[in-house]
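Here's a quick tour of a protein fold. Take a look at the structure first, then we'll walk through what's inside.

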Amino acid sequence: MSVLTSPRGKAEVVHCRRTESQDIFCIKSLIRKFTQKLFGRLNIIYLLEKANLAVTLCNDKEEIMAHAIFLDYPNWNVAKQDDWVSLFQELDNEIPCTPLNTLFMHFFVAVDEYSTGCLKEIIRTVFKAVPELYFIFLIVPTYVSLG
């Protein structure tokens, strides 16, 4: 359990857990236009079925605050699912990423007021849950600014 504080000073006690199928309705309610610019139009049910790891952040009332989906290949079709390592080695051969130590964030949504804190908590939880994980990549289109 952690405490997140919004820019307005409002605090929420949160915890991470694996995503369950009944979370989909609440996850969809967190999707904004920016989410679609960042990740594209996605079928959340399909992504959850294919995910290597899907994490949901809840507050102490079990309301969903954030959600992230991680897969073991890049999004946005930047490389074939089974041949992304060679592309990454061409870009920078000093990064020792492999399919066994790398995940890609394919989707993330959060309550706007807490989005930064939620993302930090999810990333921290993922690295704790998967000790052999060294890298998490977020690939976005060049026309998108993360702010």
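Let's start in the middle: the largest nonpolar core has 42 residues, and Leu57, Phe70, Phe107, Phe108, Cys118, Ile122 and Val126 touch the most other members. A nonpolar core here is a set of buried Ala, Val, Leu, Ile, Met, Phe, Trp, Tyr and Cys residues joined through side-chain atoms within 4.5 Å, and buried means under 20% relative accessible area (exposed is over 50%, partly exposed in between; 1.4 Å probe, protein chains only). Keep in mind that this is a predicted model, where local features need pLDDT of at least 70, side-chain atom pairs count only at pLDDT 80 or more, and totals for chains, interfaces and linings use all residues. Residues are numbered from 1 along each chain as its sequence is written, and side-chain values use heavy atoms, with hydrogens and water left out.

**The core**
- Ile122 is in contact (heavy atoms within 4.5 Å) with Cys16, Val55, Leu57, Ala66, His67, Ala68, Phe70 and Phe108, setting aside neighbours within four places in sequence.

**The sheet**
- Six strands form an open sheet with mixed pairing, in the order β1-β2-β3-β4-β5-β6; strands are DSSP runs of E, at least two residues, and helices are runs of H or I, at least four, both numbered from the N terminus.
- Two strands pair if DSSP finds at least two bridges between them, and the edge strands β1 (2-5) and β6 (135-137) each pair on one side only.

**Thr35**
- Thr35 sits in helix α2 and is buried, with a relative accessible area of 8%.
- The C-alpha atoms of Thr35 and Ala110 are separated by 9.7 Å, though these residues are 75 apart along the chain.
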